[in-house]
Amino acid sequence: MLSDDHVNEIIIEVENVSSGVQSHPSSNQIFQEKGLLDSSINMVSSVSDIDVVDSQTVSKRNDQKGNQVLQFSTSLNESMSQTLHSLECMGIDTPGSSRETVQGQKLIASLIPMTSRDRIKAIRNQPRTMEEKRNLRKIVDKEKSKQTHRILQLNCCVQCLNSISWAYRRSKNSLSEILNSISLWQKTLKIIGGKFGTSVLSYFNFLKWLLKFNIFSFIVNFSFIIIPQFTVAEKNTLQFTGLELFTGVGYFRDTVMYYGFYTNSTIQHGNSGASYNMQLAYIFTIGACLTTCFFSLLFSMAKYFRDNFINPHIYSGGITKLIFCWDFTVTHEKAVKLKQKNLSTEIRENLSELRQENAKLTFNQQLTRFSAYVMAWVVSTGVAVACCAAVYYLAEYNLEFLKTHSNPGAVLLLPFVVSCINLAVPCIYSMFRLVERYEMPRHEVYILLIRNIFLKISVIGILCYYWLNNVALSGEECWETLIGQDIYRLLLMDFVFSLADSFLGEFLRRIIGMQLITSLGLPEFDIARNVLELIYAQTLVWIGIFFCPLLPLIQMIMLFIMFYAKNISLMMNFQPPSKAWRASQMMTFFILLLFFPSFTGVLCTLAITIWRLKPSADCGPFRGLPFFIHSIYSWIDTLSTRPGYLWVVWIYRNLIGSVHFFFILTLIVLIITYLYWQITEGRKIMIRLLHEQIINEGKDKMFLIEKLIKLQDMEKKANPSSLVLERREVEQQDALHLGERDGSLDLRFRRSVQEGNPRAW
């Protein structure tokens, strides 16, 4: 059988020769075709000799499938025979054609009986260009379709399943191509990665990933909460002044934006129409969003952890990029330049990381750096504690301050102070790099992330304590709406400060570095600070989704604007990192921080709200209930009286409402995490041992080569005449072998042409 590696060359050569016969090529084109045939002969000569089998013998040995395959093969024979006859008449030798034709027939015959998945895998594994693989797949699919139409013995169910599988595969491939073509910011991300490296690119990938989260949350809330409420909503009598966009009060209070506007009744249009319980819809929709986010975070962490920590290819150092890196399907000039830039940046990152790992410090240098690390941690922790204390005391007196000040802008005091802290303190943390001087840029980013997450999560924790203890127990008319308004103002103020920092602060830093203090130069993009801004905003959205269901839509708009703002600022105000480093594992760390402590803290806050706090008596879908969770209890009691829904009651009481179930589930997750960690450590050890083994084998080979060279030198010095005789014998044997091979090829060529086209003789 012909190997799969040689398929596409034979098919393309046959097509080229056929087209040449039809168009009456010139002598130069014929000689080019002759070169193609000669190259294919050299390729086939490495394979074992395959005897020429005529069509009569094949028809006796093969079954009905083989006869159908031979119909296609005969067409190939006819085109090849015409080509050979035309070339022979012009006096040009074209040996080896019959062997190539038979091998092409056998390859196609071996591909047709395969299943769709095996056939695609076999074609995909060939080291050929994408265009050649597509042509081969089209030829095989065409013959497969002809064969399936002629076979009448197949079962109808098998035909139906095959057609469904084929249609599903084609639709899946088409959908994948469409999604890739309409993917957001694909070209922009490639430009960023090519110019600034994977470290800066990880921030924009994380922003895009969060945007998908909020799109999903908005679609779910809009479908199951907002649209049903629109059907029974009353007209808003408040006047819109424009100030509501900044404060979130006034006109927005009586809209679907906040919790207090939603009804607690069962929505039913007409006497015979289906009923819609707004209480259950509200709590189940929010719960479905958070549950989906929970499992999505777990799946994403597992996926990135497997790709970046467990798979062995991450320890190769990117050496394969130097050898097998280029994609020959890229032909556009701009795409080629962008691909070259991405490749060079990635190789530079790998080499820089290897160089930094090999660097060693003396004992005094290590002691000095350790002291600097301790001092930096003490100062950063003290600053964070002071900021949290300031936010706590300001929040304690915020309600009294709002009662004594009737100015609408007074509600912006707390968000303004919190946003100032979130903007200024991370900049102070970033200045610690001048003292700490980490050798590995990745370690510097990790430390900054930990310090910033400690600050921002502490601030959010204090605000949650303020909302759940002061606002919820203050006796206000609709405390859920007040919390939603506070979260909206915090989110909006943080967005305004981020935009101001992008267009004004980063621009001023560029002016200072380029004109005033030239020794500073252009600044570098602060990955840790910008990532923590995204995590902080997303945490507020998850907390506020229960009190303000439209927050995912607001976050979508902000993220979309933020991407373009950061991209413009990056291109204008920043330089590429001075120390190139590979950030393939950064996304794993970002999602880990988003999951813990951000998302777990959100779950704790909402759990306290639903199980421990009493809803407002005059607003919202849960008015009149002692706790939010009592809507679920009432629904379960109703289902327990219906025999057809007892399985739902059993699932709730034994799984969802059971502490033991969640304890066992947590234990299983911890065991799986430990196993993954052990697999990672084991593969690291195995890769290190294999690396040492390769080095030792290389040394052994060098030692043997040196010994062989010394022995040859000794033989030359001892008997120089024998070396001359040996060279002559080798040259004579090579000449004789080449003559025999040319004669056999010419004889085989003439025999194949005579069999393929006897009329020409």
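This is a predicted model: local features need pLDDT of at least 70, side-chain atom pairs count only at pLDDT 80 or more; totals for chains, interfaces and linings use all residues.
**Entry 1. Transmembrane spans**

I began with the UniProt record, an unreviewed entry, which places the feature "transmembrane region" at residues 209–230, 280–299, 370–395, 410–432, 444–468, 539–565, 585–608 and 656–677. I then looked up two of these spans in the model. Residues 370–395 are 100% helix and 0% strand, and their end C-alpha atoms are 38 Å apart. For residues 656–677 I noted 91% helix and 0% strand, with 29 Å between the end C-alpha atoms.

**Entry 2. A surface patch**

I asked which residues form a nonpolar patch on the surface. The patch consists of Phe 663, Ile 664, Leu 667, Ile 668, Ile 671, Ile 672, Tyr 674, Leu 675 and Tyr 676, and together they have about 900 Å² of accessible area. I took Ile 668 as an example and located this residue in helix 25, which covers residues 659–718. Its relative accessible area is 42%, so I recorded Ile 668 as partly exposed.

**Entry 3. Gln 229**

I placed Gln 229 in helix 9, residues 186–230.

**Entry 4. Cysteines**

I searched the whole structure for disulfides and found one. This disulfide joins Cys 478 to Cys 619, with an S to S distance of 2.0 Å. I noted a torsion of about 95 degrees about the S-S bond of Cys 478 and Cys 619, so the disulfide is right-handed. The pair links distant parts of the chain, 141 residues apart. Cys 478 sits in the loop between helix 18 (441–471) and helix 19 (479–516), and Cys 619 in the loop between helix 22 (586–612) and helix 23 (630–640). I recorded both Cys 478 and Cys 619 as buried.

I also checked Cys 387, which is in no disulfide. The nearest cysteine sulfur belongs to Cys 388 and is 6.9 Å away, whereas a disulfide requires sulfur atoms within 2.5 Å. Cys 387 is buried at a relative accessible area of 12%. Cys 604, with 51%, is exposed.

**Entry 5. Salt bridges**

I counted ten salt bridges.

- Asp 501 pairs with Arg 509, and their closest N and O atoms are 3.9 Å apart. Asp 501 is buried at 7% relative accessibility, and Arg 509 is partly exposed at 31%.
- Lys 566 forms a salt bridge with Glu 506 at 3.6 Å, N to O. Lys 566 is in helix 21 (residues 551–573) and Glu 506 in helix 19, so the pair ties together parts that are 60 residues apart in sequence. I noted Lys 566 and Glu 506 as buried.
- Glu 533 meets Arg 529 in a salt bridge of 3.6 Å, N to O. Glu 533 and Arg 529 are separated by about one helical turn, because they are four residues apart in helix 20 (residues 527–544). Glu 533 is buried with a relative accessible area of 7%, and Arg 529 is buried at 3%.

I then asked which residues are linked in a network of salt bridges. The network contains Arg 433, Glu 444, Asp 501, Arg 509, Asp 526, Arg 529 and Glu 533.

Key: Residues are numbered from 1 along each chain as its sequence is written. Side-chain values use heavy atoms; hydrogens and water are left out. UniProt positions are given in the numbering used here, feature names are shortened, and annotations may be inferred rather than shown by experiment. Helices (H or I, at least four residues) and strands (E, at least two) are DSSP runs, numbered from the N terminus. Patches are made of residues with over 30% relative accessible area and no salt bridge: like charges are joined within 9 Å, nonpolar side chains (Val, Leu, Ile, Met, Phe, Trp, Tyr) within 5 Å. Accessible areas come from the Shrake-Rupley method with a 1.4 Å probe; for residues, only the protein chains shown count as cover. A salt bridge is a side-chain nitrogen of Lys or Arg within 4 Å of a carboxyl oxygen of Asp or Glu. Buried means under 20% relative accessible area, exposed over 50%, partly exposed in between (1.4 Å probe, protein chains only).
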